[in-house]
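Please prepare a short briefing on the fold and packing of the structure below. Keep it plain, and group the points by topic.

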Amino acid sequence: MATNMLKERYSGKINTVTLGATKEQGGTRTSTVTVGGDSTMPFLHFEGDMPLKPVIAMEIEDIKPDWHPFLKEVYADVMDNPVAWAKKCVEFGADLIYIKLNGAHPDNGNKSPEECAKVVKDVLAAVGVPLIVVGCGEEEKDNAVLPVVAEAAAGENLLIGLAKQDSYKSVAAAAMVHKHKVLAQSPLDINICKQLNILISELGLAPENVIIDPATAALGYGIEYTYSILERGRLGALQGDKMLSQPVICQIGHEAWRAKEANALEADFPNWGDQGERAILWEAMTAAGLLQGGAHIMVLRHPEAVRLVKKNAEQLMIKPEI
Amino acid sequence: MALTGLDIFKQLPKTNCKECGSPTCLAFAMAMANGKASLDMCPHASEAAKEFLGAATAPPVKTVKVGVGEQEVVMGDETVLFRHDKTFYHPTALAIQISDTLSGAELDAKIEKINGLVMDRVGQQVAIQMVAVTNCSKDAAKFKAAVEAVAAKAKFALLLAGDLAALEAAVPAVAAKKPLIHAATAENWEKVVALAKANNCPVVVKGNGLDDTAALVEKVAKEYKELVLDFGNTAQAKTLAEMVNARRLAIKKKFRPFGYPMLACTLATDAKEEVVEAATYVAKYASIICMKADEKHHLLPLMAWRMNVYTDPQKPMAVEGKVYEIGDVTPDCPVYVCTNFALTYFAVEGEVVGSKIPGYIVAVDTDGSSVLTGWASGKFVAEPIYEFVKNSGVMDKVNHNSIVIPGYVAIISGKLKEISSYNVIVGPQEAVGIPAFAKANYPQLMK
């Protein structure tokens, strides 16, 4: 008996966005990363195209951060050197480097915009993969830093952020002038997500220049909110909503490594087993869950989580005969 | 939507041949409307009638139960494809494999280990649900012995996976535990299904892909309906596509052969890869995942994912409204006030831990709404906050008179100060600002 497969007919699809630029394209990257283009729900190859695989960005900071001890173990020798750190991440298989300019924060050394731009330039010189650059989170400072970084890295086609509902203009303008892409973050709210995309497009930046960050909640700490927002956004995009058709980035490492399950010692929680394996899986499982929601770029920290998530994504990209 | 006898009668062949056991087609239709008969008893029903009536007279995914008493696992009875449309009801059961090649002390140790796969997380107990005894030895007697040993000691429902001879040897011995039988295939289904029926146990129907499985279920369902589907796992992306198609057909087209719970087996051999693979099946409709991983640190993340996916999206997640002590608190420690919305609370808790300055958190019961939602609805304003803080007794534990409120509700600080006579300190708007706030205000408590 032949079953008729139930194929959904979608009118829309996710935009394709390319990050980085090679020499021929006006930058210095040795590789570029293109994400999006999906015309189906995640990994349902039988009813649409999923032409590009999800990618991994590995996170670094410009000043030595106070990360989880297991991460410090991995990066001990490079954590105070963003250039060496970025190189190490590329060795671990990072498709992109995500650099957070924490040193710009008034409480963390208050680096000048020019100093921040130099860090970005140094990392650009050290690795060939595309870069994601975000500020320190202090709005006023970021508004001063990001335009200078954008100018210094003109032509590199960075992904820069964060653009938020009440502070998107300066980063979006800088991206527009210097031809970068914008990382638009909304606080776990699909209406704000859409509104922010509209505001950015009203500045004259085409939707193809934006990547959505729906705000990531970690496994066990609200991941289902992020997951359902991803699903709803993706369904909206496939039904033709242009202001939800941007690819999605999920900042997983930062959230997952804060979870109690990643931090609790086995001595204190013997019922949770080995802390090392548990912590790494907390990050990998957050990513695996959000992959099913439709994440395109996953920002991770631990190399073993990177390996696991890459392998999972590869298997899901194998187009089956059914 | 329930159909009347007349609605059903219109779809019947009207031969009055009595082969269904009823005296007339109308009587048969009335029996069906009352749930006393099913359409497959009528040998002359048309395909159109089957489609119309099959769809209208049954829930899209049948409820199937494995195990008895406290070990019972309820599967199926799902109604949506996306959790945000309503909710997913019956969390995916994890079945951990035990090979029948183990015996004696080895087997006992393994059972004990599996019995220990019960953990506590955010105030809830999380556990695996099933033990899958697999006939790796290919020896029916060994299988029977292993099954009996597991049945005697294991705390969870049983899944028995073996060939016909093995199943025939083992199932009757443990039938009282209502194990799930794996599997009826194209070659053996008549005997395996007869065995399941005789012992009143649910059975897995295992085909090779969608078409083959549907055809097999059509045959089996005429005999027996306590079924679980297995599309014969070959690769993760294929299993995903099959489960999505099957569930869609069951829900949107009321396609009966796929109106049963589904089972998936992980293929990865590395335990970490296995649980990451299983994340896909938890999200996409598996009622049972059969796997090998048996370490707590591997299963805990998977169980958390399952718990999250099966959370009802219409009910806000809330923590108990009470005072939480973070770190080694002393009477000098700060008192933070927030709501009992789980995400709010965990955000504050995470940052208080991160500040390395011990503190009290008062999670005011706002029925699980966030700070601003609670403020807008009047649940997180001066009076209820004061009442809650006063009744919580937190101020008796400290030697000061100060409470820290979220920056977003700075507007209530005056009123709160007035009615409570507390020293109300306006904290940062986002929890992320707590470490810097704490460092600036309580440097003497830094550890």
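This is a predicted model: local features need pLDDT of at least 70, side-chain atom pairs count only at pLDDT 80 or more; totals for chains, interfaces and linings use all residues.

Residues are numbered from 1 along each chain as its sequence is written, chains are lettered from A and ligands numbered from 1 in the order in which they are written, and side-chain values use heavy atoms, with hydrogens and water left out.

**Nonpolar cores**

- A nonpolar core is a set of buried Ala, Val, Leu, Ile, Met, Phe, Trp, Tyr and Cys residues joined through side-chain atoms within 4.5 Å; buried means under 20% relative accessible area, exposed over 50%, and partly exposed in between (1.4 Å probe, protein chains only).
- In the largest core, of 227 residues, the members that touch the most others are Tyr75(A), Phe258(B), Met291(B), Trp305(B) and Ile403(B).
- Helix 10 (residues 275-293) of chain A gives the most to this core, 10 residues; helices (H or I, at least four residues) and strands (E, at least two) are DSSP runs numbered from the N terminus.

**Chain A**

- Chain A contains 11 helices and 10 strands.
- Its radius of gyration (over C-alpha atoms) is 19 Å, close to the 20 Å from the globule rule (2.2 Å times the number of residues to the power 0.38) for 322 residues, so chain A is as compact as a globular protein of that length.
- The C-alpha trace of chain A spans about 70 × 55 × 35 Å along its principal axes.
- Of the 322 residues in chain A, 62% are buried.

**Chain B**

- Chain B contains 17 helices and 17 strands.
- The radius of gyration of chain B is 28 Å, well over the 22 Å that the globule rule gives for 447 residues, so this chain is more spread out than a compact globule.
- Its C-alpha trace spans about 85 × 60 × 35 Å along the principal axes.
- Buried residues account for 55% of the 447 in chain B.

**Glu190(B)**

- Glu190(B) lies in helix 7 (residues 189-199) of chain B and counts as exposed, at 57% relative accessibility.
- From Glu190(B) to Val432(B) the separation is 242 residues in sequence and 62 Å in space, C-alpha to C-alpha.
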